[in-house]
Amino acid sequence: MTGRDILTIVAKAADSKRAEDLVALNMDGISLIADYFLICHGNSDKQVQAIARDMKEQAEENGIHVRRLEGFDEARWILIDLGDVVAHVFHKDERSYYNLERLWGDAPIEDLVSELEQ
């Protein structure tokens, strides 16, 4: 399974829980951590946890090993390490503070629209 396949699976999971402002950054050649970062946010602690939980469950159902999940109990910034993809699920109040899109501003943004419409 490619990094793009993993990205699509977790993006669909986030979208199904009404995650907002889904942004996928192509980190190839920029970071050794992962090929893609998926960034999104929820409007409440419960929604943030639901988004992260569904991402984890969908990944596992598709045979993707979840290497690490951090921040679930606090639900302010949940990081899900899926190897080639690292998903960042923020509470809306935290997302603008950390502003990962600006921090990794040299990373191209991937178009997720076609995948989410399928």
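In what order do the six strands of the open sheet stand? Here are my notes.

1. First, the ground rules. This is a predicted model, in which local features need pLDDT of at least 70, side-chain atom pairs count only at pLDDT 80 or more, and totals for chains, interfaces and linings use all residues. Residues are numbered from 1 along each chain as its sequence is written, and side-chain values use heavy atoms, with hydrogens and water left out.

2. Now the sheet. The order is β3-β4-β5-β2-β1-β6, with mixed pairing in an open sheet of six strands. At the edges you find β3 and β6 (109–110); each has a single partner strand, so one side of each is left without a neighbour in the sheet. Strands here are DSSP runs (E, at least two residues), as helices are (H or I, at least four), numbered from the N terminus. Two strands count as paired if DSSP finds at least two bridges between them. As background, strands of a sheet pair through backbone hydrogen bonds, either parallel or antiparallel.

3. Have a look at β2 (residues 36–42) and β5 (residues 85–91): they run parallel, and seven bridges join them. F37 stands opposite V86 in β5. Helix α1 (residues 3–16) packs on the sheet and touches β1 (20–26), β2, β5 and β6 (contact means heavy atoms within 4.5 Å). The direction of α1 makes about 5° with that of β2; axes are lines fitted to C-alpha atoms, for helices over the stretch in contact, and angles run from 0 to 180 degrees between N-to-C directions.

4. On to the charged pairs: there are seven salt bridges in the structure (a side-chain nitrogen of Lys or Arg within 4 Å of a carboxyl oxygen of Asp or Glu). One of them joins R76 and D93, at 3.7 Å from N to O. That pair ties together distant parts of the chain, 17 residues apart: R76 lies in the loop between β3 (68–70) and β4 (77–81), and D93 in helix α3 (residues 92–98). A network of salt bridges links D45, R76, D93 and E94.

5. How accessible are these partners? R76 is partly exposed at 28% relative accessibility, and D93 is partly exposed too, at 46%. For the labels, buried is under 20% relative accessible area, exposed over 50%, and partly exposed in between (1.4 Å probe, protein chains only).

6. Two other pairs are worth a look. R95 and E101 meet at 2.4 Å, N to O; R95 is buried at 7%, while E101 is partly exposed at 23%. R68 bridges to E70, with the closest N and O atoms 2.4 Å apart, and E70 is partly exposed at 37%.
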